[in-house]
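Have the sequence and the 3D view open side by side. The report below walks through selected strands, helices and ring contacts.

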Amino acid sequence: MDAIPTVMRAIDPEQPGGPEVLRIVDRPVPTPGEGEVLIRVAAAGINRPEVLQRMGAYPPPPGAPSIPGLEVAGTIVATGAGIERDLIGQPVCALIAGGGYAQYAVAPYGQCLPVPEALTMVEASAMPETLFTVWTNLFERGFAAEGDTVLVHGGTSGIGTMAIALCNVFGVEVIVTAGSDEKCAAAKVVGADHAINYKTHDFVEEVKAITGGKGVAVVLDMVGGDYVPRNLQCLGDDGRHVSIAVQGGGQATIPIFEIMRRRLTLTGSTLRPRSVAFKTAVADELARTVWPHVEAGKLKPVIDTVFAFDRAPDAHSLMESGNHVGKIVLEIA
């Protein structure tokens, strides 16, 4: 491997603001601690929490770098205590708590997955955040299983397209919502069984029609607010409602007796603040249950646009516009 420099290029805004604050600066190359690896970053996925962090609305958790970026792909170039040095040179993708918008990033080795030949580095960088999120929420907390029908809001987002892909692999029928006929068509192209334009149709009535009045087993919701009581109307008996974001509001009024009568479950989670031990356990499960499908070329992320490192402001502007289908990626190398 080439010598590791002491200084790297990174995006580390000094103050909150618009996309224009995402300027490239020099920062020290981080040093991997116990159980960690240093990755020379080839590409980094763009995620909505990073947009919120840039705006000052979602500060990084204690101990996380101020440099944004929650997922990367690249090559291990150094290891910390407790990690074998023979891993140096291994291509990996990783879920991290921050630091991805840089030439080098530190990751707990337990949160890394190998990059198989079936994936490019750009594709691999677009996997960890959405894969960990969808797996832990739709399949673990929501208990989605083969033969179920589920409703996923935001069907053309990175989360939505990953949910579609996983449902296709595991035999789950998936209904999605999107904000235009064009996006609904795009969702169906990437594998959604049904797509509802929520601006022109009542998704509650559409779900009832699609399921013959039975309802869905799980709703994966990133909207919150007044969507929650409407989502509950979409659930069948014993259904599960899983919240992963509150883009439409953090408060909701819900019919408690209806929850009791139909034995509904309301749950949800956030991923970024969870412990390394939890994320390592998720990575281990993904390695066993999902990664064989990735290695076989049966599961890939949907990539909308790849931007050069110095075009990070354009990447964030596209994310904020919502005019994308799938993932947005920064190519660092």
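What follows covers strands, then helices, then aromatic and charge contacts, and finally backbone angles.

This is a predicted model, in which local features need pLDDT of at least 70, side-chain atom pairs count only at pLDDT 80 or more, and totals for chains, interfaces and linings use all residues. Residues are numbered from 1 along each chain as its sequence is written, and side-chain values use heavy atoms, with hydrogens and water left out.

## Strands

Helices (H or I, at least four residues) and strands (E, at least two) are DSSP runs, numbered from the N terminus. Buried means under 20% relative accessible area, exposed means over 50%, and partly exposed lies in between (1.4 Å probe, protein chains only).

Start with strand E11, residues 216-221. Six of its six residues are buried, which leaves E11 mostly covered. Two strands pair if DSSP finds at least two bridges between them. E11 pairs with strand E8 (residues 149-152) in the parallel sense, over three bridges. There, Leu-151 stands opposite Val-219 of E11. E11 also runs parallel to strand E12 (residues 235-243), joined by five bridges. In that pairing, Leu-220 has Val-242 of E12 as its bridge partner.

Now turn to strand E6, residues 104-108. Five of its five residues are buried, so E6 is largely enclosed by the rest of the structure. Both faces are covered. Tyr-104, Val-106 and Pro-108 are buried on one side, and Ala-105 and Ala-107 on the other. Strand E3 (residues 36-46) runs antiparallel to E6, with five bridges between them. Ile-39 stands opposite Ala-105.

## Helices

The expected span of a helix is 1.5 Å times one less than its number of residues. In H4, 10 of the 12 residues are buried, so the helix is largely enclosed by the rest of the structure. Among them are Gly-158, Ile-159, Met-162 and Cys-167.

Helix H9 (residues 276-289) has 14 residues. H9 reaches 20 Å from first C-alpha to last, close to the 20 Å expected. Its buried residues are Lys-279, Val-282, Ala-283 and Leu-286. Seen down the axis, they fall within an arc of 100°, so they line one face of H9. The arc is that of the directions from the helix axis to the C-beta atoms. An α-helix has 3.6 residues a turn, so residues three or four places apart point the same way. The face of H9 turned away from the buried side carries the exposed residues Ala-277 and Arg-288.

## Rings and charges

Rings of Phe, Tyr and Trp (its six-membered ring) pair if their centres lie within 6.5 Å; planes under 30 degrees apart count as stacked, over 60 as edge-to-face and the rest as tilted. The count comes to four aromatic pairs. The table gives two of them.

| Aromatic pair | Centre to centre | Angle between planes | Class |
|---|---|---|---|
| Trp-135 and Phe-139 | 5.0 Å | 15° | stacked |
| Trp-135 and Phe-170 | 5.6 Å | 55° | tilted |

Trp-135 lies in helix H3 and Phe-170 in the loop between helix H4 and strand E9, so this pair ties together parts that are 35 residues apart in sequence. Trp-135 and Phe-139 are four residues apart in H3 (residues 128-141), about one helical turn. Trp-135 is buried at 7% relative accessible area, whereas Phe-170 is partly exposed at 23%. Phe-139 is buried. Trp-135, Phe-139 and Phe-170 form one aromatic cluster.

A charge sits over a ring if NZ of Lys or CZ of Arg is within 6 Å of the ring centre and within 35 degrees of the ring normal. The charged end of Arg-272 sits over the ring of Tyr-58, 5.3 Å from its centre. Arg-274 lies over the face of Phe-278, at 3.6 Å from the ring centre.

## Backbone angles

Asp-238 is not a glycine, yet has a positive phi of about 65°. At 36% relative accessibility, Asp-238 counts as partly exposed.

Arg-263 is also not a glycine and has a positive phi of about 55°. Arg-263 sits in the loop between helix H8 (256-261) and strand E13 (265-268). With 46% relative accessibility, Arg-263 counts as partly exposed.
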